[in-house]
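Here are my notes on the chain you sent. Please read them with the model open.

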Amino acid sequence: VGWAGQRSVHFSDLELLREVMDDLGDEVEWVFLGETPVFARESGRQVESLSMVPIQQYPAQLASLNLDLALAPLSLNRFNEAKSDIRLLHYGALGYPVVATDIAPHREAPVKRVANHVGAWVTAIRERIYDLDAAEREGEALRKWVYEKRSIDVWIARYASVWLGRVHEERN
């Protein structure tokens, strides 16, 4: 189960994971790309930490994690409500299933959205790590959504329609 990002930027977003990790104990092997929260290194946890790489190497590094499940926690605040869903796009391009905070940037994507309550996160993670076939199907659904609804080709056509008056056909 993994997360990618900079701890210093996402400090408040990761606070929930401390208790989630406590509840899951040794059921999960955790992978952090970028910066690993200090609490994640507490004894008894299986944690793999990888340093952030230059942006040109990031897609390959994220793909090399070979995650069974990716996490996208966000604390509930105005800044996060206004964010893009870029993290879901990264995970989805790789076919990783995702458990994410139920917040505006995550509401269009086919991911498991949960409230920021430890029990909800633990349940959602367990459901996926103990049924990897179902999790894989969720990851494939997200990958399909990313390429059909959020690819650059789709968005260029939308921008051309709005800015240049060119008609485009919506893909289903």
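1. In what order do the elements of the chain run from the N terminus on? The order is β-α-β-β-α-β-α-α-β-β-α-α-α. That comes to 7 helices and 6 strands. Keep in mind that this is a predicted model.

2. Overall dimensions come next. The C-alpha atoms fill a box of roughly 60 × 30 × 30 Å along the principal axes.

3. Of the 172 residues, 41% are buried. Among contacts with a separation of 6 or more, 61% join residues 24 or more positions apart. The accessible surface is about 9,700 Å², and carbon and sulfur atoms hold 52% of that area.

4. Look at helix α4, residues 86-93. Its buried residues are Arg 87, Leu 88, Leu 89, Tyr 91 and Gly 92. The cover over them includes two helices, α2 (58-64) and α6 (132-149). Strands β1 (2-5), β4 (70-72) and β5 (98-101) are also part of that cover. Just after α4, Gly 95 takes a positive phi of about 75 degrees.

5. Last, the second largest pocket. Its volume is about 160 Å³. The lining includes Val 1 and a group from Glu 27, Val 28, Glu 29 and Val 31. Leu 65, Asn 66, Leu 67 and Asp 68 line the pocket too, as do Ile 129 and Leu 132. By class, the lining has 7 nonpolar, 1 polar and 3 charged residues.

Notes:
Residues are numbered from 1 along each chain as its sequence is written. This is a predicted model: local features need pLDDT of at least 70, side-chain atom pairs count only at pLDDT 80 or more; totals for chains, interfaces and linings use all residues. Side-chain values use heavy atoms; hydrogens and water are left out. On a 1 Å grid over the protein atoms alone, a cavity is a set of points where a 1.4 Å probe fits but cannot get out, and a pocket is an open set with protein on both sides within 12 Å along at least five of seven lines; lining residues have an atom within 4 Å of a point. Grid points are joined across faces, edges and corners, and a volume is the space filled by probe spheres set on the points. Ala, Val, Leu, Ile, Met, Phe, Trp, Tyr, Cys and Pro count as nonpolar, Asp, Glu, Lys and Arg as charged, and the others, Gly among them, as polar. Buried means under 20% relative accessible area, exposed over 50%, partly exposed in between (1.4 Å probe, protein chains only). Helices (H or I, at least four residues) and strands (E, at least two) are DSSP runs, numbered from the N terminus. Contact means heavy atoms within 4.5 Å. Accessible areas come from the Shrake-Rupley method with a 1.4 Å probe; for residues, only the protein chains shown count as cover.
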